[in-house]
Amino acid sequence: MQNLFAFFYRYAFVFLFLILEFVSIRLIVSRNENQRTIFLNSSNLIVGTLYERMDAVRKYFGLRQDNAALAEENSRLKNQLANLMNASPLITDSITDTVYRQRFVMHAAQVVNNSIERRNNVMTINKGARDGIDKYATVVEPTGIVGFVTHLGIRYATVMSILNSNSRVSAMVKRTSTRGNLVWPGNSPLIMNVEAIPKHADVRVGDTIVTSSFSHFPAGHPVGEITKATIEPGENFYLIEVRLFNDLARTNHVYVVNDLHKSELDSLNQFNTQK
Amino acid sequence: MNSIGFRHGLRLVFLFFFQVLVLKQVHLNWGDFNYISIILYPLWILLLPVQTARWILVAGGFLAGLGVDWFYDSPGVHASAATFTGFLRPFILSYLEPRGGYNRVPIPSKAHLGLNWFVTYASIMLIGYLFIYISMEVFTPALLGTILVKTLFSFIISILMVLLYMFIFDPK
């Protein structure tokens with residue numbers, strides 16, 4: 001018995017070493033999963049609350065326009081609902097795809113912090129993980145698209161605006177379904193470019209651009225109207241300028257769109273790129 | 001005894017804050033070359049008295065590492081490396097034991113055991129620290145090449161910092 005105690009006493013530091021290494025690795029692993037977001041959230045919570053307080057004042061001045069826009073949207077949605085009731089007894093707040101299985105879930109949110117003047121614009125919305133927002137969910141408003149969720153706090157989320165050099169949205173010409181990439185050249189917050197539409201495609205000034213089914217936005221969501229479509233000499237692709245339907249400087253009420261099929265689509269895409 | 005404890009405490013405080021307030025802000029990267037982290041604070045573990053109990057080395061390393069992690073926002077990464085360094089120290093010391101033993105040597109420093117001895121000792125300990133630290137940070141064995149390259153470049157800069165510290169604060 002005394003030998004046993006002596007043994008433990010002699011090698012206590014080994015046990016201590018193993019225990020402390022175990023604790024450290026537990027910390028590292030939990031960091032990998034959520035420790036970072038916990039740090040990020042706590043700061044986001046402070047920053048987000050501050051922004052929301054400040055924003056409350058500013059919102060008073062836009063109440064009239066907001067009300068009008070919301071009432072308009074309500075009436076349009078009620079029309080759709082009436083149509084839906086005839087087709088099926090199921091009432092949802094979601095867009096159903098062609099096989100009538102729910103793909104998108106929308107959460108209403110408000111923009112509490114926004115910028116449009118930088119090259120890489122980011123906004124903050126007042127919904128977060130607690131409200132069921134997914135990471136990389138898309139953000140739209142009734143008249144156009146807004147951006148992607150990039151960082152998820154508990155009550156707030158950071159959204160990469162489409163007015164950002166890293167933002168690329170697959171969009172298409174509504175009339176012909178020709179697909180291209182919507183990017184922001186960085187000047188006016190109302191003008192974006194559509195790239196990679198080949199010159200043999202039929203594109204006219206005045207055509208409507210909507211999101212394509214390649215994007216994680218709900219397919220067919222309005223984006224803007226083509227104001228300029230030219231082909232530079234020697235180029236194979238159109239140079240297309242699109243005037244957005246929505247003014248991101250005024251964006252206030254938005255919908256965060258969770259894509260229920262996202263993980264499946266992503267794993268398939270990953271499989272494709274892994275040769 | 002108290003004054004020795006005070007000296008080691010002071011060294012810990014200095015190295016700790018120098019690490020998190022100064023060295024953390026230094027980014028030695030050019031373009032794609034982004035392999036260097038400068039790590040100096042494990043020197044505190046290296047310079048503890050030779051007779052320090054092993055469990056103090058292990059626990060002290062863990063706490064110092066955890067404190068650095070707090071500033072680096074990387075819970076557990078520095079802690080695991082510093083715990084390992086504390087654990088490693090007695091084995092390296094007995095491996096490098098000079099002919100006369102450590103009888104008249106209070107701390108394993110350059111001034112007491114000579115530059116050659118100290119460089120060997122510090123190199124082994126620092127490589128041990130950096131390898132564990134960078135492995136834990138990368139956290140996937142698939143990137144072993146990256147881990148080794150980062151360990152090598154970080155080691156070159158860090159050992160220079162260690163020697164600089166020794167020449168300033170431990171001359172002779």
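Predicted model: local features only at pLDDT ≥ 70, side-chain atom pairs only at ≥ 80, totals over all residues.

As a rule, most residues other than glycine have a negative phi. As for where it sits, Tyr136(A) is in the loop of chain A that runs between strand S2 (120–125) and strand S3 (138–141).

There's another residue like this. Ala196(A), also not a glycine, has a positive phi of about 65°. You'll find Ala196(A) in the chain A loop between strand S8 (191–195) and strand S9 (208–211). Ala196(A) has 15 other C-beta atoms within 10 Å, so it is partly exposed.

Okay, stepping back to chain A as a whole. We've got 4 helices and 12 strands there. Chain A has 275 residues, and 31% of them are buried. If you take contacts in chain A between residues at least 6 apart in sequence, 58% of those join residues at least 24 apart.

Now the inside. Nonpolar side chains in soluble globular proteins tend to be buried together. Here the largest nonpolar core has 44 residues, and the members touching the most others are Ile125(A), Val139(A), Val149(A), Val159(A), Val254(A) and Val256(A). There's also a second, separate core of 43 residues, which includes Trp44(B), Leu57(B), Phe84(B) and Met125(B).

Let's zoom in on one of those valines. Ignoring neighbours within four places in sequence, Val256(A) has contacts that include Ile125(A), Val139(A) and Val149(A). Its partners also include Met106(A), Ala109(A) and Ile133(A), and among them are His107(A) and Lys127(A) too.

Last stop, where the chains meet. On the chain B side, 17 residues are in contact with 14 residues of chain A. Helix H3 (54–72) and helix H4 (77–95) of chain B each put in at least two residues on that side, and H4(B) gives the largest share, with 6 residues. What kinds of residues make up the side of chain B that touches chain A? They split into 11 nonpolar, 4 polar and 2 charged.

Key
Residues numbered from 1 in each chain as written. Chains lettered and ligands numbered in written order. Buried ≥ 20, exposed ≤ 12 C-beta atoms within 10 Å, placed from the backbone. Contact = placed C-beta atoms within 7 Å. Core = buried A, V, L, I, M, F, W, Y, C linked by C-beta atoms within 7 Å. Nonpolar A, V, L, I, M, F, W, Y, C, P; charged D, E, K, R; others polar.
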